[in-house]
Amino acid sequence: MRPFTERAIAIIGSIPEGRVMTYGQIAALAGSPRGARQIVRILHSMSKKYKLPWHRVINAKGRIGLTDDESFTLQKMYLESEGVVVSAEGEIDLAKFLHEPLPANQRDELVT
(Lines give C-alpha, C1' and ligand atoms only; values in the text may rest on other atoms or scores of the structure.)
Protein backbone atom coordinates (compact mmCIF):
# COMPACT_ATOMS: atom_id res chain seq x y z
CA MET A 1 0.00 0.00 0.00
CA ARG A 2 1.26 3.47 -0.82
CA PRO A 3 2.16 5.85 2.03
CA PHE A 4 -0.53 8.36 0.95
CA THR A 5 -3.18 5.64 1.15
CA GLU A 6 -1.95 4.48 4.56
CA ARG A 7 -2.01 8.03 5.92
CA ALA A 8 -5.48 8.67 4.45
CA ILE A 9 -6.87 5.50 6.02
CA ALA A 10 -5.42 6.50 9.40
CA ILE A 11 -6.88 10.01 9.14
CA ILE A 12 -10.33 8.80 8.10
CA GLY A 13 -10.31 6.20 10.86
CA SER A 14 -9.53 8.89 13.44
CA ILE A 15 -12.51 11.14 12.66
CA PRO A 16 -14.49 11.17 15.92
CA GLU A 17 -18.21 10.55 16.16
CA GLY A 18 -20.26 13.68 15.61
CA ARG A 19 -17.60 15.33 13.45
CA VAL A 20 -16.84 15.47 9.72
CA MET A 21 -13.86 16.11 7.46
CA THR A 22 -13.74 17.03 3.79
CA TYR A 23 -12.18 14.97 1.02
CA GLY A 24 -9.69 17.75 0.30
CA GLN A 25 -8.82 18.26 3.95
CA ILE A 26 -7.98 14.56 4.32
CA ALA A 27 -5.95 14.58 1.10
CA ALA A 28 -3.92 17.58 2.24
CA LEU A 29 -3.21 16.06 5.65
CA ALA A 30 -2.20 12.80 3.97
CA GLY A 31 0.31 14.69 1.82
CA SER A 32 -1.47 15.42 -1.46
CA PRO A 33 -3.38 18.72 -1.37
CA ARG A 34 -4.88 18.04 -4.81
CA GLY A 35 -5.78 14.42 -4.04
CA ALA A 36 -9.46 14.73 -3.04
CA ARG A 37 -10.50 12.32 -5.80
CA GLN A 38 -8.06 9.77 -4.43
CA ILE A 39 -9.85 9.99 -1.08
CA VAL A 40 -13.10 9.18 -2.89
CA ARG A 41 -11.40 6.14 -4.43
CA ILE A 42 -10.02 5.01 -1.07
CA LEU A 43 -13.43 5.33 0.57
CA HIS A 44 -15.12 3.48 -2.27
CA SER A 45 -12.68 0.60 -2.37
CA MET A 46 -11.48 0.25 1.23
CA SER A 47 -14.23 1.36 3.63
CA LYS A 48 -15.49 -2.13 4.38
CA LYS A 49 -12.07 -3.77 4.64
CA TYR A 50 -10.73 -1.16 7.09
CA LYS A 51 -14.09 -0.37 8.73
CA LEU A 52 -13.75 3.30 7.85
CA PRO A 53 -16.37 5.82 8.99
CA TRP A 54 -17.06 6.80 5.37
CA HIS A 55 -20.18 8.72 6.37
CA ARG A 56 -18.05 11.33 8.18
CA VAL A 57 -16.43 12.52 4.93
CA ILE A 58 -18.17 15.28 2.97
CA ASN A 59 -17.33 17.74 0.20
CA ALA A 60 -15.62 21.11 0.59
CA LYS A 61 -18.94 22.95 0.42
CA GLY A 62 -20.06 21.21 3.61
CA ARG A 63 -22.49 18.93 1.83
CA ILE A 64 -23.03 15.23 1.43
CA GLY A 65 -21.42 14.46 -1.91
CA LEU A 66 -23.31 11.27 -2.70
CA THR A 67 -25.97 11.79 -5.35
CA ASP A 68 -28.05 8.63 -5.39
CA ASP A 69 -31.00 8.79 -3.01
CA GLU A 70 -30.23 5.60 -1.07
CA SER A 71 -26.59 6.48 -0.31
CA PHE A 72 -27.47 10.12 0.46
CA THR A 73 -30.19 9.05 2.89
CA LEU A 74 -27.94 6.47 4.57
CA GLN A 75 -25.10 8.97 5.08
CA LYS A 76 -27.53 11.59 6.39
CA MET A 77 -29.05 9.07 8.80
CA TYR A 78 -25.63 7.93 10.10
CA LEU A 79 -24.48 11.51 10.66
CA GLU A 80 -27.70 12.51 12.41
CA SER A 81 -27.46 9.46 14.67
CA GLU A 82 -24.11 10.86 15.85
CA GLY A 83 -25.57 14.30 16.55
CA VAL A 84 -24.52 16.05 13.33
CA VAL A 85 -27.22 18.42 12.11
CA VAL A 86 -27.83 17.85 8.39
CA SER A 87 -30.28 19.93 6.36
CA ALA A 88 -32.74 18.31 3.96
CA GLU A 89 -30.35 19.28 1.15
CA GLY A 90 -27.43 17.55 2.90
CA GLU A 91 -25.71 20.66 4.23
CA ILE A 92 -23.60 20.51 7.39
CA ASP A 93 -22.34 23.52 9.35
CA LEU A 94 -18.56 23.19 9.01
CA ALA A 95 -17.98 25.87 11.66
CA LYS A 96 -19.68 23.57 14.16
CA PHE A 97 -18.94 20.01 12.99
CA LEU A 98 -15.61 20.11 11.11
CA HIS A 99 -12.88 18.00 12.72
CA GLU A 100 -9.51 19.70 12.45
CA PRO A 101 -6.77 17.43 13.77
CA LEU A 102 -3.43 18.98 14.57
CA PRO A 103 -0.66 18.50 12.00
CA ALA A 104 1.89 15.85 13.01
CA ASN A 105 4.57 18.42 13.91
CA GLN A 106 2.19 20.21 16.31
CA ARG A 107 1.09 16.91 17.90
CA ASP A 108 4.75 16.07 18.51
CA GLU A 109 5.31 19.44 20.20
CA LEU A 110 2.43 18.79 22.61
CA VAL A 111 3.91 15.46 23.69
CA THR A 112 7.31 16.89 24.66
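**Exercise 1.** Find the residues with the most contacts inside the largest nonpolar core.

*Solution.* Start with the core itself: it has 17 residues, and Ile12, Ile26, Ile39, Ile42, Leu43 and Val57 have the most contacts inside it. A nonpolar core here is a set of buried Ala, Val, Leu, Ile, Met, Phe, Trp, Tyr and Cys residues joined through side-chain atoms within 4.5 Å, with buried meaning under 20% relative accessible area (1.4 Å probe, protein chains only). Next, sort by element: α1 (3-13), α2 (23-30) and α3 each give two or more residues to this core, and α1 gives the most, with 5. Helices are DSSP runs of H or I, at least four residues, numbered from the N terminus.

A quick note on the model: it's predicted, so local features need pLDDT of at least 70 and side-chain atom pairs 80 or more, while totals for chains, interfaces and linings use all residues. Residues are numbered from 1 along each chain as its sequence is written, and side-chain values use heavy atoms, without hydrogens and water.

**Exercise 2.** List what Leu43 is in contact with, leaving aside neighbours within four places in sequence.

*Solution.* Contact means heavy atoms within 4.5 Å. On that basis, Leu43 is in contact with Ile12, Tyr23, Leu52, Trp54 and Val57. Then look elsewhere: a second, separate core of 9 residues includes Ile58, Val86, Ile92 and Phe97.

How values were computed:
Buried < 20%, exposed > 50% of the residue type's maximum accessible area, 1.4 Å probe, protein only.
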